Amino acid sequence: MPRAPRRSTHKPEWSWQDDAQCRGEDLVLFFGPDGERQPERDIRERKAKAVCSQCLVRIECLNYALSQPEKYGTWGGLNEDERASERRRRMRRAATVGVPAA
Ligand code: SF4
C-alpha cells in the first residue's frame, strides 16, 4: 500500500510497507476514482485483490488497516465493507475468548 500520511500523535510501524506488492501501482487501483459505478468498482477491486493475494505483507497490511480508521480503499485484500465485517468478527471473538481485537 502506498505510504499513508503520518499522524503527529500516533507513530505506527511502517517497515512492512517496504515489501508491499503494490509499491509502484496506481493508487486508483486500490482507492478508485470519484464517481465510480459498481460494475467498474467490482472489476477494479478484483484486480486490486489479485495484487494483494501475491503480497508478502498482506496480514501486516490488513492488521494495520483494521487498527486505523481506514475507511476507504482495498487494504490487505479486503475492501471497506469486508474490513468492517472483519473488524466486527475480531471484536466478537475478543469478547468471547478475551483476546485483543488487533
Ligand atoms: S496487501 Fe495489498 S494493499 Fe496491502 S501492502 Fe500488500 S498489495 Fe498493498
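Cys-52 is buried in this predicted model, because 23 other C-beta atoms lie within 10 Å of its own, against a cut-off of 20 or more. This residue sits in helix α2, and it is among the residues closest to the ligand. A UniProt record, an unreviewed entry, also lists Cys-52 under the feature "binding site".

**Cys-52 and its contacts**
- Beyond its neighbours within four places in sequence, Cys-52 is in contact with Gln-21, Arg-58, Thr-74, Gly-76 and Gly-77.
- Helix α2, which holds Cys-52, has the highest mean pLDDT among the elements of the protein chain, at 98.

**The annotated cysteines**
- According to the unreviewed UniProt entry, the "binding site" feature falls at Cys-22, Cys-52, Cys-55 and Cys-61.
- These positions span 40 residues of sequence, yet they cluster in space, with a largest C-alpha distance of 11.0 Å.
- Cys-61 belongs to helix α3 and is buried, because 25 other C-beta atoms lie within 10 Å, where 20 or more are required.

**Surroundings of the ligand**
- The ligand is surrounded by 15 residues, and Ala-20, Cys-22, Cys-52, Cys-55 and Cys-61 are the closest.
- Two elements, α2 (38-53) and α3 (58-67), each give two or more residues to this shell.
- By residue type, the shell consists of 10 nonpolar, four polar and one charged.

**Helix α3 and its buried side**
- The buried residues in α3 are Cys-61, Leu-62, Tyr-64 and Ala-65.
- They lie on the same side of α3 because they cover an arc of only 160 degrees around the axis.
- Helix α4 is included in what covers the buried residues of α3.

**Overall fold**
- The protein chain contains four helices and zero strands, and its elements follow the order α-α-α-α from the N terminus.
- Of the 102 residues in the protein chain, 20% are buried.
- Counting contacts between residues at least 6 apart in sequence, 47% link residues at least 24 apart.

**Confidence of the prediction**
- The mean pLDDT of the protein chain is 88, and 84% of the residues score at least 70.
- Among the elements, helix α4 (residues 80-97) has the lowest mean pLDDT, at 93.

Technical notes: Residues numbered from 1 in each chain as written. Predicted model: local features only at pLDDT ≥ 70, side-chain atom pairs only at ≥ 80, totals over all residues. Near = placed C-beta within 6 Å. Nonpolar A, V, L, I, M, F, W, Y, C, P; charged D, E, K, R; others polar. pLDDT = per-residue confidence, 0-100. Buried ≥ 20, exposed ≤ 12 C-beta atoms within 10 Å, placed from the backbone. Arc of directions from axis to C-beta. Contact = placed C-beta atoms within 7 Å. UniProt positions renumbered as here; feature names shortened; annotations may be inferred.
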